[in-house]
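Student: I would like to go through this structure by question and answer. Please show it to me before we start.

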Amino acid sequence: MALINPKKKEVQVKIVYYGPGRGGKTTNLEYINKKFKKRIQNEMVTVKTYGDRTLFFDFLPFDIGEIKGHSIKVQLYTVPGQVKYNATRRLVLRGVDGLVFVADSMDLRREMNIRSLQNLKENLETFNKSIFNTPLVLQYNKRDLEEEGIPILSVDTLQRDLNSRLKAPSFAASAVKGDNVAATMKKIIALTVGSLRKKLE
Amino acid sequence: MTTKDDDGSLGAEVSSRLDELFGDDDDSEVTPVSTVPSDAVSVAGESKRKAGKAVKPMADSASDNLDKDSPIRNLKALVFSIDWEITDETMVDYLVEVKRLMKEYKNDKILSLFLKLHASIGKYIKAKKARAHPDSIKFVASVYKNFEKALLTPGMKQSQKKKLLTVEVKKFKDFKQRVLLRDSTAEPVHVVESVVVADDQRTKPISGEGLSKETKEALDYMLEQIKKEIKAEFHTLRQIIKNLGA
Amino acid sequence: MDFTIEFDKQQIESIENILQEELIDLGVQSVILMDLAGNVIVNLENGGASHDVYSLAALAAGNYGAVSAMANIIGEQEFSLLFHKGEEESIHFSKVVEDLLLLTIFNKNVSLGFLRLKVAEAIKRIQVLI
C-alpha cells in the first residue's frame, strides 16, 4: 500500500515486475538504471545467485518530483521468477501498488507465462488483493528473438493467453535492446499514481 | 495495444512529468544492457560474510583464552551475556556469581574490592535498566577485564594489581559523577509530562526520577566504603612490607 | 486491502521525539521506522555518515520477512533477536506492531544489551501512540 508521509508530504509507491524465470524482469530494471542514470542517481540493489539469476529481488528507487503537492518516490522491484522461489515472491509482493507482468515471447515459454500469471493472482490473494483491481501493465518481451530465427508467440496469442480478462495496457518490447522498456515503466507509474488520486487530494 | 482511461488532470500531470524525466527522444547513449550489472550489491552464496547471531553465547562457547576450569569462567560468560541482553535474570545471575566469588576470594583484599565494584555496578544496572547511564555497561566490561588480569596474570606483583584496582576505582568515581550530572540536568523523559524550566534553573526531576537521589546515595555510600577499605588495606600492606624490611 | 497504519503529522513528530530521546541521544547512528513493504516512515540520523535508507529498508523488509518465514517453518512464532554484527557498525531489528519494524544502526560504542533495553522502551512508548 502506498505510504504517504503527511509530515514530509511524500508518497512512496511500490511497483513490482513479475513474470516467469529468465523472462527479462531484471533486464528491464538494468536498462532503466543505465539509460536514466543521471536522472535516477541511485544505485540499483540486486541480490542474485552466481548463476546470475535473481535470488531475492532487484530494487531501483527514484523520485519523480512533486505532483499535487506531494513528492513521489517510485520503487521498482523485481521478483525471482523460478518456481521454487514462490515464498520470496510473496514477500516482495507485500504492499505492492502497481505491477508489470513481463511475459516471455519465446514459443516454448507459453505455458510458463500462463502459470506465472496464475501464480501472481494467487499470491496477491494471500494479501487480500485482486489482480483485477491492482494497476497492471503487460509487457511481451523478447520480440527481438524473431530476428534471430527463434520462434516467438504472436502478440495476439499472448493477448489471448494473458490479457483476455484483464484488459490491461500492453507493450511489445525488447528489454535487452530497450524497446518499450521506458514506455512500460511510464505507463505503470502513471496508472499507479493515478490510482492514488483520492489519497493525494 | 489496449488502454484504460486515466484521470484527467492528475493523469496529465503525471504523464507529462514522466515524459520530461524519461523522454522518448532522449539522446543519451543507449548501451546494450549487460547481464551482470556492475553495481550489483550482494551475491548470495558468500559464506565469508559475518552472519547475525540469534542465540545468546553460552559459557563454553564464549571466545576467550580462559581454562575450562577457570574459576571466573562463569563470570566472564555472564559479562558477555550482559553485553547481549540485560534482564532481571541476567543481572541476578551476575550478582549471584559475584557474591559467590567474593566468598571464594574473601582473603584477597584486592580481588575482593574488584568484586565489590562488580557488585555495585551490577546493582545499579539492575535497578535502572533502560534508565541506566550507557557508560555503566562499558564499566562492567572494563572492571572485569582488569579483574581478570589481576587474577590470572602469572607473577603479577601486588603493586601492579593495586594499580589496576585504582584505575577502576577512579573510573567508578568518574562514572558516578557523570551519572549525577546527567540525573541532575536530565530533561524529563516523557514528552507528555514535560516541565517548563527557566534558563537559570536546573531541571526538576519528575517523580519517577526521584530514584536518582537514592541511587546517588547508594553510590556515594558504596564509594566511601570502598575507599575506606582500600585505604585500610594499603595501610596494612605497607605495615607488612615495613615489618618485612625491618 | 490496506494494512499499513496511516499516521498523522502529530504522531510522526511524537515518534521522532521518542526515537531521538531513547536512541539517537544514546549514540545510535541511525534509526528507521518502516513497514514490511519496505517503506520508510521515519528516519533519524545522528549527523554522522549517511546511508541509503531506501535500499536499506527494502532489504530489511525482505530480510525480516524471510527470517520470519524461516521461523514459522521450524515451528517458532518469531525469533526474539535479529541482529547483524559488523566490525564497526551493526544492525538490529525489532518489531513494533504487526507490520512495523524498527531498524537501528549502531557502532561498537553502544552495547547490544543496552540498545535492546532502549529499543524496547522506545517501542513501548510508540505503541501507545498508534
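**Chains, helices and contacts**

Tutor: Of the 246 residues of chain B, 22% count as buried, where buried means 20 or more other C-beta atoms within 10 Å of a residue's own, exposed 12 or fewer, and partly exposed in between, with C-beta atoms placed from the backbone. This is a predicted model, in which local features need pLDDT of at least 70 and side-chain atom pairs count only at pLDDT 80 or more, while totals for chains, interfaces and linings use all residues. Residues are numbered from 1 along each chain as its sequence is written, and chains are lettered from A and ligands numbered from 1 in the order in which they are written.

Student: In what order do the elements of chain B run from the N terminus on?

Tutor: Helices (H or I, at least four residues) and strands (E, at least two) are DSSP runs, numbered from the N terminus. Chain B has seven helices and one strand. From the N terminus on, the order is α-β-α-α-α-α-α-α.

Student: Which elements are included in what covers the buried residues of α2(B)?

Tutor: Helix α2 of chain B, residues 73-84, reaches 17 Å from its first C-alpha to its last, close to the 16 Å expected, the expected span being 1.5 Å times one less than the number of residues. Among its buried residues are Leu75(B), Leu78(B), Phe80(B) and Ile82(B). The cover over the buried residues of α2(B) includes α3 (88-104) and α5 (135-152) of chain B and α3 (112-129) of chain C.

Student: How are α3(B) and α4(B) oriented, roughly parallel or roughly antiparallel?

Tutor: Axes are lines fitted to C-alpha atoms, for helices over the stretch in contact, and angles run from 0 to 180 degrees between N-to-C directions. α3(B) and α4(B) (residues 109-128) pack at about 160 degrees, with their axes 9 Å apart. Angles under 35 degrees count as roughly parallel, over 145 as roughly antiparallel, 65 to 115 as roughly perpendicular and the rest as oblique. The angle therefore makes α3(B) and α4(B) roughly antiparallel.

Student: How are α1(A) and α6(A) oriented to each other?

Tutor: Helix α1 (residues 25-35) and helix α6 (residues 181-195) of chain A pack at an angle of about 95 degrees, with their axes 10 Å apart. The contact is made by Asn28(A), Tyr31(A) and Ile32(A) of α1(A) and Val181(A), Ala182(A) and Met185(A) of α6(A), contact meaning C-beta atoms, placed from the backbone, within 7 Å. The two helices, α1(A) and α6(A), are therefore roughly perpendicular.

Student: Which element gives the most to the side of chain A that touches chain C?

Tutor: 21 residues of chain A are in contact with 24 residues of chain C. The elements giving two or more residues to this side of chain A are β1 (3-5), β2 (10-18), β4 (54-67) and α3 (86-93) of chain A. The element that gives the most, with four residues, is β4(A).

Student: Is Lys84(A) buried or exposed?

Tutor: Lys84(A) lies in the loop between β5 (70-78) and α3 of chain A. Because 8 other C-beta atoms lie within 10 Å, Lys84(A) is exposed.

Student: What does Gly86(C) count as?

Tutor: Gly86(C) is in the loop between β3 (82-84) and β4 (89-95) of chain C. With 14 C-beta neighbours inside 10 Å, Gly86(C) counts as partly exposed.

Conventions: Two residues are in contact if their C-beta atoms, placed from the backbone, lie within 7 Å.
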